[in-house]
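Subject: Structure handover and findings

Hello,

Here is the structure that I am passing on to you. My notes on what was found in it follow below.

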Amino acid sequence: MSSESPDVITALISLCRQYNVRTVLQVGAEDGYEADCIRRELGCRAVCIEPDTRCGPVSHLLEWHEVLIGESSEVADFYLHESPGLSSKVTRNDKKETQVRMPQMRLDAFCRRYAVKPDCLIVDCEGTTMEVLRSAGPMLQFTSIVYCEVNHDDSRGPRNDADVQALLESFGLRRHEGEPSYSAGCQSNWTFVR
């Protein structure tokens, strides 16, 4: 993910202000730009998770963690793309990536370890949104905002739009129409609120 456009950032900050967000957690952060914008405006805690060690935080005020998030605590395949923001657990098969094995942990275990209770969860993991959300477990029932990437077909990872919506609705979150949500071809970034 490259940084979101200014209008999307403004809408995301406005929503976070409306829900009195005190902690934002960004998974698949790349440089943590989105979490940092929210942190700067609201003075909240901003925690970023990015498994690609070539990426780094846009601000030293972000809590930065280089870890892979998945449904289980095991060693998993990860595909380092020559464009760091495209690295993922899902291969693109474009001959521009290198397969490595990395330890991973569940998101709920990560949050327990680092005492993170996210009011806002941002997920951009290039095809593994469902895996990240499932690994959050019951933590989702206390999260007020989820801003996440969804796939509408199988061209960039498994189609997951209906599954993401069903899972988040089961935790009492409903889809928020309009910005910060937007569509970009086969992928969209959707916002869910409590």
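A disulfide here is a pair of cysteine sulfur atoms within 2.5 Å. By that rule, a search of the whole structure gives 0 disulfides. The model is a predicted one, so local features need pLDDT of at least 70 and side-chain atom pairs count only at pLDDT 80 or more, while totals for chains, interfaces and linings use all residues. Residues are numbered from 1 along each chain as its sequence is written, and side-chain values use heavy atoms, with hydrogens and water left out.

Cysteines

Buried means under 20% relative accessible area, exposed means over 50%, and partly exposed is in between (1.4 Å probe, protein chains only). For Cys186, the closest cysteine sulfur is in Cys148, 15 Å away, and this is again too far for a bond.

The chain as a whole

The protein chain has 5 helices and 11 strands. Helices (H or I, at least four residues) and strands (E, at least two) are DSSP runs, numbered from the N terminus. The C-alpha trace spans about 45 × 35 × 30 Å along its principal axes. A compact globule of 194 residues would have a radius of gyration near 16 Å, and the 15 Å of the protein chain agrees with that. The radius is taken over C-alpha atoms, and the globule rule is 2.2 Å times the number of residues to the power 0.38.

Of the 194 residues in the protein chain, 55% are buried. The chain exposes about 8800 Å², of which carbon and sulfur atoms supply 48%; accessible areas come from the Shrake-Rupley method with a 1.4 Å probe, and for residues only the protein chains shown count as cover. Contact means heavy atoms within 4.5 Å. Among contacts between residues at least 6 apart in sequence, 64% join residues at least 24 apart.

The protein chain has 21 positive and 30 negative charges, and their mean positions are 5 Å apart. Lys and Arg count as positive and Asp and Glu as negative, with His and the chain ends not counted. The place of a charge is taken as NZ of Lys, CZ of Arg, CG of Asp or CD of Glu.

Helix α2

Which residues of helix α2 (residues 33–42) are buried? They are Glu34, Ala35, Asp36, Cys37, Ile38 and Arg39. Their cover includes α1 (6–18), β1 (23–27), β2 (45–49) and β7 (120–123). Arg39 is buried at a relative accessible area of 14%. Leaving out residues up to four places away in sequence, Arg39 touches Cys44, Ala46, Ser59 and Leu61. After α2 comes Gly43, with a positive phi near 70°.

Asp108 lies in helix α3 (residues 107–113) and counts as buried, at 12% relative accessibility. Its contacts, not counting residues up to four places away in sequence, are Ser135, Ala136 and Gly137.

Ser170 is in helix α5 (residues 161–170) and is exposed, with a relative accessible area of 55%. Ser170 and Leu140 are 30 residues apart along the chain, and their C-alpha atoms are separated by 9.5 Å.

Leu173 sits in the loop between α5 and β9 (174–176). Is Leu173 buried or exposed? Leu173 is buried, with a relative accessible area of 2%. Residues touched by Leu173, beyond those up to four places away in sequence, include Leu140, Thr143, Leu168 and Phe192. Between Leu173 and Phe192 there are 5.7 Å from C-alpha to C-alpha, and the two are 19 residues apart in sequence.

Backbone points to look at

The peptide bond from Glu179 to Pro180 is cis, with omega near 15°. Pro180 is in the loop between β9 and β10 (182–184).

Glu30, in the loop between β1 and α2, is a residue other than glycine with a positive phi, near 55°. Glu30 is partly exposed, at a relative accessible area of 23%. Lys95 also has a positive phi, near 60°, and is found in the loop between β5 (75–81) and β6 (97–105). Lys95 counts as exposed, at 83% relative accessibility.

Regards
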